Amino acid sequence: MQGVFVYSTEQERLASQSKSQHPGRAMNILKPSSFSAAGQSHQKYILQRHSDVYRALKIRSNAELMESRAAARLNGYVAGYGKKDDLDKEWPTFGIADDRLHQKVRGLCGRRK
């Protein structure tokens with residue numbers, strides 16, 4: 001079973017939408033009573049290990065890293081999740097013009113199911 005913590009009504013709306021799109025997947029939508037953000041070295045850890053891709057995002061603060069949709073999506077792709085076709089469609093929204101990095105991430109995604 002998956003648990004998704006939501007911190008705003010927008011996140012709750014998106015989580016509910018995702019849950020309805022995957023009816024066979026058990027998912028709890030949870031509102032935490034308290035939350036302490038991890039330090040920057042723990043945020044999007046796998047993405048940060050691919051420092052060339054991480055630097056290309058030009059993220060300047062821990063808050064920006066935590067809020068970045070591009071960082072969250074790329075973290076999943078470099079960890080081996082996602083489909084190459086989905087990455088190709090999303091790539092232009094990440095603001096990274098370097099095709100070499102696109103090909104690197106493309107080679108990493110899809111290794112896990």
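Predicted model: local features only at pLDDT ≥ 70, side-chain atom pairs only at ≥ 80, totals over all residues.
Is H50 buried or exposed? I looked it up: H50 is buried, with a relative accessible area of 17% (buried is under 20%, exposed over 50%, partly exposed in between, with a 1.4 Å probe and protein chains only).

Residues are numbered from 1 along each chain as its sequence is written, and side-chain values use heavy atoms, with hydrogens and water left out.

Next I checked where H50 sits: in the loop between α2 (45-49) and α3 (helices are DSSP runs of H or I, at least four residues; strands are runs of E, at least two; both are numbered from the N terminus). Setting aside neighbours within four places in sequence, I found H50 in contact with V78, K104 and L108 (contact means heavy atoms within 4.5 Å).

Then I went to α7 (residues 99-108), where L101, H102, V105 and L108 are buried. They lie on the same side of α7, because they cover an arc of only 125 degrees around the axis (taken from the directions from the helix axis to the C-beta atoms). Their cover includes α3 (51-56), α5 (69-78) and α6 (84-90).

I looked at what follows α7 too: G110, just after the helix, has a positive phi of about 85 degrees.

Last, F5: I placed this residue in strand β1 (residues 2-5). F5 is partly exposed, with a relative accessible area of 46%.
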